[in-house]
Amino acid sequence: MSLLIKNGEIVTADARYVADIFCEDETITRIDRDIAAPPDCEVIDASGKYVFPGFIDPHVHIYLPFMGTYAKDTHETASKAALVGGTTTFIEMICPARGDKPLEAFELWLGKAQGASACDFTFHMGVTRYDDEAQGDFEEIVRRGVASFKVFLAYKGAFGVTDEELYKTLTLAKRLGVITTAHCENADLVLELQRKLLAEGKTGPAWHYWSRPPAVEAEGVHHLMTFAEMTGAHVYIVHLSCAEALQEAMHGSARGVKVWVETLIQYLLLDRTSAEADFEGAKNVMSPPLRDASNHDVLWNALAKGFASTLATDHAPFDFAQKQMGRGDFTRIPNGIPSLEDRVNLYFTHGVKSGRIDLHRFVETASTNAAKLFGLFPRKGAIQPGSDADLVVYDPNYRGVISAKTQLMNLDYNSFEGMEIAGRPSVVTVRGKVAARDGKFVGEVGRGRFLQREPTHF
Ligand SMILES: [Zn+2]
C-alpha cells in the first residue's frame with residue numbers, strides 16, 4: 001500500500017518547499033519533485049495547500065477519574081476529534097489515586113487506549129505517591145517505554161506530592177534520564193485561599209480565579225525551579241498561564257535549570273471574564289485559571305521567541321451537568337476547558353494568519369518540539385524519509401466557525417463557540433493511511449499505536 005501527496009508546500013520547523021511525498025506502508029520513503037505514482041497508489045493533490053508533520057498534543061486527559069466523576073471522552077471520541085483537527089499523536093496523563101499501585105495504573109490506562117484510539121498515543125506517568133514499592137514500579141514503567149513523569153504541586157490530598165516525594169521523584173528522573181512534567185501551583189496557598197473565600201460566602205465560579213491568583217502559580221514554578229536545581233533533573237512546566245510564572249521559569253533557566261515551558265491555546269485566546277458569567281462561567285473553570293487578557297501578548301511572545309516550547313490543550317472534558325457539582329461551591333467544579341479538536345485551527349488562525357507566529361515556529365511549537373522533548377523525534381514531528389507518514393494537508397483558505405453542534409469531542413459545549421477559523425486540515429494521515437478528510441473522520445478506530453520512548457534527558 002502506498003500513498004503519494006503531490007505538489008503541496010511542505011512546511012517543517014526548519015524548511016519550506018514544494019515537493020511530492022511518497023509513503024510506503026507506514027513510512028515516508030521519498031521526497032522529490034514529480035514522483036510518478038505506481039499502480040494502486042492513493043494520490044492526494046495538495047496544490048495550494050501546506051503539508052505539515054502531524055501535530056502532537058503533549059498534554060491531554062482522556063480516561064480521567066476526577067472529583068468523583070469521569071471525563072466525558074473515550075479514546076475513540078477523543079482520537080476522532082484530535083484527527084479531524086490535525087493532531088495525530090497525543091500524550092495522555094496517567095493520574096492514579098494516591099493509594100493505587102503505579103504499575104496497575106499504567107496497565108489500566110494503556111488498556112483503555114489500546115484497541116480504542118484511532119491516532120497514536122503515549123503517556124506521562126503520574127507520580128502521585130513515592131515510596132520504595134512505587135519506585136520499583138516507576139523503573140519498570142520507564143523500561144516499558146514511558147520516558148516522562150508528571151507531578152502535581154497542586155491538588156493537596158488528591159494527586160499532589162509532598163516535597164520529600166518531589167525530591168525523590170526528581171532524583172529518580174535524573175538517574176533514569178526521564179523528563180518530569182509538573183503542574184505548578186502552591187497547594188497550601190490554594191487550600192487556604194479557597195477556605196477564606198468560601199467562609200466569606202464567595203462561592204460562584206468567578207472566585208476560582210481568586211483562589212489561585214498568578215502569585216500562587218509563580219510560587220509553584222519557583223518551587224519547582226529550586227528542586228530541579230538541587231537535583232539536576234530536567235523539568236517541563238505544563239499549562240503555564242501568566243507573566244509572573246514565566247518570569248520564575250526564566251529566572252530558573254538563567255541560572256542553569258533545564259526547564260521547558262508549555263502553554264495552552266485557552267490562555268492565548270480566553271481570559272478570566274469568560275469564567276465570570278454567572279454559573280455558565282463554570283464551563284471555563286480550569287487550573288491554573290484563565291488570566292487577565294494582558295497575559296495574551298506575553299504568552300504569544302513567549303511562543304514566538306522560544307521562551308515557551310509547546311502549545312497544548314490540557315484537554316479534560318466535563319459536561320455542563322458535571323460542572324453543576326460545583327454549584328454553591330466553586331472548589332467542586334470539575335476542572336477543564338476541552339480544546340483537543342480546535343487547538344491547531346485556532347493557533348493557525350490567531351497565530352499564523354494574524355502574523356504573531358511564523359509558519360516554522362507554528363510547526364515547531366505544535367508538533368516538533370513535543371516530539372523532541374518526549375523522545376518521539378524524528379519518528380514524529382518531522383517530514384523526512386524514515387519518519388512515520390503522519391501528515392496534515394492543510395487548507396489555509398478554509399473558513400468556518402467553531403460550534404459544539406458540529407464537534408466530535410463528546411461534550412455539550414465549546415468554550416470557543418462562535419469563533420471563526422481561517423484554515424483546516426483537508427487530509428490527515430496516520431502512518432500512511434488517511435484518517436480524516438475535510439472535518440470528517442474516515443480512519444480506523446483501534447489502529448492507534450502505543451509509542452514506546454527511550455529516555456533522552458540525562
Ligand atoms: Zn492536565
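**Figure 1. Pro378 is placed in the loop between α13 (359-373) and β16 (391-395).** Helices (H or I, at least four residues) and strands (E, at least two) are DSSP runs, numbered from the N terminus. The model is a predicted one, in which local features need pLDDT of at least 70 and side-chain atom pairs count only at pLDDT 80 or more, while totals for chains, interfaces and linings use all residues. Residues are numbered from 1 along each chain as its sequence is written. The peptide bond that leads from Phe377 to Pro378 is cis, and its omega is near 0°. A further cis peptide bond joins Ser287 to Pro288, with omega near -10°. Pro288 belongs to the loop between α9 (265-269) and α10 (294-305). As background, most peptide bonds are trans.

**Figure 2. Met67 and Asp314 have a positive phi although neither is a glycine.** Most residues other than glycine have a negative phi. For Met67 phi is about 55°, and the residue lies in the loop between β7 (65-66) and β8 (69-70). For Asp314 phi is about 50°, and this residue is found in the loop between β15 (310-312) and α11 (320-323). Are these residues buried or exposed? A residue is buried if 20 or more other C-beta atoms lie within 10 Å of its own, exposed if 12 or fewer, and partly exposed in between, with C-beta atoms placed from the backbone. Met67 counts as partly exposed because it has 17 C-beta neighbours inside 10 Å. Asp314 counts as buried because it has 28 C-beta neighbours inside 10 Å.

**Figure 3. Helix α12 (residues 343-352) packs with α13, their axes coming within 11 Å and crossing at roughly 150°.** Axes are lines fitted to C-alpha atoms, for helices over the stretch in contact, and angles run from 0 to 180 degrees between N-to-C directions. The two helices α12 and α13 are therefore roughly antiparallel; angles under 35 degrees count as roughly parallel, over 145 as roughly antiparallel, 65 to 115 as roughly perpendicular and the rest as oblique. Val344, Tyr347, Phe348, Gly351 and Val352 of α12 make the contact with Leu359, Phe362 and Ala366 of α13. Two residues are in contact if their C-beta atoms, placed from the backbone, lie within 7 Å. In α12, 10 of the 10 residues are buried, so this helix is largely enclosed by the rest of the structure. Among the buried residues of α12 are Arg343, Asn345 and His350.

**Figure 4. Helix α4 (residues 163-176) packs against helix α7 (residues 214-231) at an angle of about 45°, with the axes 9 Å apart.** The helices α4 and α7 are therefore oblique to each other. On α4 the contact is made by Leu166, Tyr167, Leu170, Thr171 and Lys174, and on α7 by Phe227, Ala228 and Thr231.

**Figure 5. Val51, Leu224 and Ile237 touch the most other members of the largest nonpolar core, which has 151 residues.** Helix α7 gives the most to this core, with seven residues. A nonpolar core is a set of buried Ala, Val, Leu, Ile, Met, Phe, Trp, Tyr and Cys residues joined through C-beta atoms within 7 Å. Leaving aside neighbours within four places in sequence, Leu224 is in contact with Leu153, Ala182, Cys184, Val235 and Ile237. In soluble globular proteins, nonpolar side chains tend to be buried together.
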